[in-house]
Amino acid sequence: MAGRINDDDVKAVRDAVPIDAVVSEYLQLRNAGGGNLKGLCPFHDEKSPSFHVSPAKGLYHCFGCQEGGDTVDFIMKLDHLSFAETIERLASQAGITLRYEEGGYTPGRQQGERTRLVEAHKAAAQFYVEQLDGPEAEIARKFLAERGFDQAAAQHFGVGYSPAGWDHLTRFLRGRGFSDQELVLSGLSQEGRRGPIDRFRGRLMWPIRDIAGEVVGFGARKLRDDDNGPKYLNTPETPLYRKSQVLYGIDLAKKEIAKTNRAVVVEGYTDVMACHLAGVTTAIATCGTSFGEGHIKILRRLLMDNAGSEVVFTFDGDAAGQKAALRAFEDDQKFAAETSIAITPGGMDPCDLRLAKGDAAVADLVEARTPLFEFALRHVVSRHNLDTTVGRAAALDEAAPIVANIKNSSIQHESAVQLAGMLGILDTQFVVKRVSQLARWARERGRDGGPDQGRRQQHRGRPPAAEQARPTPGPRGPALNLRSPAHRVERELLKLALQRPDLVSPAFDAYGADEFTAPPYAVVRQCIEDAGGTAAGANDSAYVPRVREAAPDDTVRAMVTELAVEPLHTRRDPDEAYAGVQLVAVRLAAVNHRVTEIRGTLQRLGPRADPEHLAAVQNELWVLQQYGQSLRERGYAAL
């Protein structure tokens, strides 16, 4: 049985790794006000950011899909790790040595599967790097040098060499304590006649890292004529590596992509190297597969679907390159970013271009890009005989929908004018009107229904997620009528109690459960009380975690997380005056609720009621009415 990680070590790991630093490894975060950050949710597709992170609380919450939790929850859900694997990964990043109970720590038996596979890849990457300096790797060093890459470039990208023998790496990793089963599962080894042998032999090796910088696979280039394998051989699909969900170079390019709002997609490992060395440090590449849905999701999280962002594809000018460009254009509408294409001259890829004409030529290639829709238009138009009326009409019918799909209306208009020129149609307005008509029909189909209605309407005309009336769906508890003023102010007060307990203490702690008319909110109030109340929460980083731990189930725990992260409804920093307004509003709503109940009681009692009982009820009503009047007139001072 695997050892249990010491509780103190778990707490040390949680405290040592800031949540914003972890989340920023996966998506771009921007200021959301009030000390919070926001970005595009990695757990579901969305056009506008509803994923909020509170560095002060160490929590995240998405107001679109309702996912939420702390740093550990984020890694577990996004990378599909166990709790132990997540703690082990974060501990490694923070330089914390973990202690294991129930018999101590035995490497290789007590680490999670994914952690073991990551460690194996890390060791393999270092092994390959060391082999690149050996005599056998002369052919690999020559290959790099002929393409303009020196030793420093190889080190920067972690390029290595796999020895030509049958089991050099396998024996090395066995010596590090990895089992044959782990080596085969990782894809580093494969079954041979007499046991596992190396999958990669006598090849130049590129480590493929995920967005967090961990090696999850390798790309291997054939070097010798007697190698009967393919020119490029990649790691097979494994629990770590899925080619449709990795981008080579993303670990090196992610910060610059987020900073410049531009990504450059090239076709190979050497192209990524050439671009980065030439100053185009936003270059990335797919790993033996076409650019697809999984790759788009990675880039969208970094680009934040900013309308000013851009994805530039570089392709050879040959038929295969044009086909790849058109395939990329099919996914154009899945980006909010503008998409462009840079056609390399003379069929040269960026690596060849750098060799032939230098670094500046690579940078110029990207700067001389053409909008991808323009490239697609020219391709469509070229298939028709524009010397005939029938040919021009057919070209317009095929090309107009492409222009109508352009998101930016001003670019759409200019492109319609440009299309008229391509077709040789003198009546420019006829083409412009045709495009506008198609665009309008597409919008109307989106409103009336159709296969994409849900996806389109999901992002059109919605208020910011944090400001919507948000019924709690399905298993997350009973629906709340957030149009009720009482429920709105109860929510705001609970947010203050979790985010700024110093502003509402000690008054909040004196509020009873009956002052929160929404049952889920009453439960959250009880969790705060069980965690020591707001008086114990001021300037205490463990306060919100204690409240979350006091939650009776995952539903309430999720609501605590949501309330701790959701922005307050004030444009300025909250102060005592703002907190006082919320405290008074909740108390006044509770008083009004009780007044309504008593009036109902009086009506039911009728004229034949017991005089003493009737007098007591009337007296309570009078006291509450007076207190309500005082709250309205004196505010916080009447509490």
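At 39% relative accessibility, Arg 4 counts as partly exposed, a class that lies between buried (under 20% relative accessible area) and exposed (over 50%), with a 1.4 Å probe and protein chains only. Arg 4 forms a salt bridge with Asp 7; the term stands for a side-chain nitrogen of Lys or Arg within 4 Å of a carboxyl oxygen of Asp or Glu. Asp 7, at 46% relative accessibility, is also partly exposed.

This is a predicted model, in which local features need pLDDT of at least 70 and side-chain atom pairs count only at pLDDT 80 or more, while totals for chains, interfaces and linings use all residues. Residues are numbered from 1 along each chain as its sequence is written, and side-chain values use heavy atoms, with hydrogens and water left out.

**Salt bridges**

The structure holds 36 salt bridges. Side chains of opposite charge can pair when their charged atoms come close. The table gives some of these pairs.

| Asp 7 | Arg 4 | 2.8 Å |

Helices (H or I, at least four residues) and strands (E, at least two) are DSSP runs, numbered from the N terminus. Both Glu 182 and Arg 116 are buried. Asp 502 is partly exposed at 38% relative accessibility, and Arg 500 is partly exposed at 28%. Salt bridges with shared partners also link Arg 491, Glu 492, Lys 495, Glu 562 and Glu 566 into one network.

**Nonpolar cores**

A nonpolar core is a set of buried Ala, Val, Leu, Ile, Met, Phe, Trp, Tyr and Cys residues joined through side-chain atoms within 4.5 Å. The largest has 48 residues, and those with the most contacts inside it are Phe 51, Phe 74, Ile 250, Ile 257 and Leu 299. Helix α12 (residues 293-303) supplies the largest share of this core, 5 residues. Apart from it lies another core, of 43 residues, including Val 216 and Met 273. Ile 257 is in contact (heavy atoms within 4.5 Å) with residues that include Ile 250, Arg 262, Ala 263 and Leu 299, not counting those up to four places away in sequence.

Strand β14 (residues 262-266) has 5 of its 5 residues buried, so it is largely enclosed by the rest of the structure. Arg 262, Val 264 and Val 266 point one way from β14, and Ala 263 and Val 265 the other way. Two strands pair if DSSP finds at least two bridges between them. 3 bridges join β14 to the parallel strand β15 (residues 283-285), where Ala 285 stands opposite Val 266.

**The antiparallel sheet**

An open sheet is formed by 5 strands in the order β2-β3-β4-β5-β6, with antiparallel pairing. Its edge strands, β2 (30-33) and β6 (68-70), each pair on one side only. β4 (residues 51-54) and β5 (residues 59-62) share 4 bridges, and Phe 51 has Cys 62 in β5 as its bridge partner.
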